[in-house]
Amino acid sequence: MDEARKLSPDSPEMVNAFEVMRAAFAGMEGRIDPPSSLAAMTVEDLRDPTIEVWVLGKPVVGTVVLTPKRQVLYVGKLAVADRRRGVGRRLMTLAEERARALGLDWLELESRVELVEVHAVFKTLGFHEVIRTTHAGYTRPTSITFRKKL
């Protein structure tokens with residue numbers, strides 16, 4: 001498989017990356033409440049110069065959106081077309097490398113409370129739960145924030 005590559009905001013592959021995200025997140029529909037923020041996203045949102053969109057494969061088989069924040073690199077929209085090929089692990093290793101290159105000591109990500117099998121994967125990768133949050137209009141926690149010290 002090809003090396004991971006960062007897409008430029010005007011990359012024609014951005015459309016394919018967005019399709020991989022949509023397909024990977026489709027299984028959450030009807031399972032998580034409220035719906036994923038991906039439902040309201042467009043390809044244009046991925047062209048934001050303050051984020052990094054990284055992909056693996058030609059055609060794209062995995063994506064991750066990295067956003068530098070104060071003290072952490074936020075890992076979002078990790079999406080994998082074929083989980084059996086280690087694509088997710090490779091993208092998480094890339095996130096660690098990018099965090100170090102940016103002088104950041106932590107990775108941070110969020111997951112919906114309903115996705116317990118995803119939480120288990122993050123925990124095996126060294127993440128731990130730091131807080132549960134509640135989306136506006138809800139009375140119960142809807143999201144879990146995880147962090148990993150590098």
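**Ground rules.** I number residues from 1 along each chain as its sequence is written. Since I am reading a predicted model, I take local features only at pLDDT of at least 70 and side-chain atom pairs only at pLDDT 80 or more, while totals for chains, interfaces and linings use all residues, and side-chain values rest on heavy atoms, with hydrogens and water left out.

**Entry 1, the sheet.** I looked up the strands (DSSP runs of E, at least two residues, numbered from the N terminus, as are helices, which are runs of H or I of at least four). I found 7 strands in an open sheet with mixed pairing, in the order S1-S2-S3-S4-S5-S7-S6. The edge strands, each pairing on one side only, are S1 (5-7) and S6 (128-133). From one strand to the next the twist averages 30°. I count two strands as paired if DSSP finds at least two bridges between them.

**Entry 2, strand S2.** I followed S2 on both sides: 3 bridges pair S1 with S2 in the antiparallel sense, and 5 bridges join S2 to S3, also antiparallel. Arginine 5 has valine 55 of S2 as its bridge partner, and leucine 56 has glycine 62 of S3. The hairpin of S2 and S3 has 5 residues between the strands, and there glycine 57 takes a positive phi near 90°. In a regular strand the side chains alternate between the two faces of the sheet. In S2 I noted Glu52, Trp54 and Leu56 on one side and Val53 and Val55 on the other, all buried (under 20% relative accessible area, with exposed over 50% and partly exposed in between, using a 1.4 Å probe and protein chains only). Because 5 of the 5 residues of S2 are buried, the strand is largely enclosed by the rest of the structure.

Helix H4 (residues 116-124) lies across S4, S5 and S7 and runs at about 165° to S5. These angles run from 0 to 180 degrees between N-to-C directions, with axes fitted to C-alpha atoms, for helices over the stretch in contact. Arginine 98 lies in H3 and is buried, at 19% relative accessible area. Beyond its neighbours within four places in sequence, arginine 98 is in contact with Glu52, Trp54, Leu66 and Leu73 (heavy atoms within 4.5 Å).

A search of the whole structure gave 10 salt bridges (a side-chain nitrogen of Lys or Arg within 4 Å of a carboxyl oxygen of Asp or Glu). In one of them, arginine 140 meets aspartate 33 at 3.9 Å, N to O. Arginine 140 is in the loop between S6 and S7 and aspartate 33 in the loop between H1 and H2, so the pair ties together parts 107 residues apart in sequence. I also looked at glutamate 108 and arginine 147, whose closest N and O atoms are 2.6 Å apart. Glutamate 108 belongs to S5 and arginine 147 to S7, 39 residues apart. Glutamate 108 is buried, at 11% relative accessible area, whereas arginine 147 is partly exposed at 27%. Salt bridges with shared partners join Asp33, Glu114 and Arg140 into one network.
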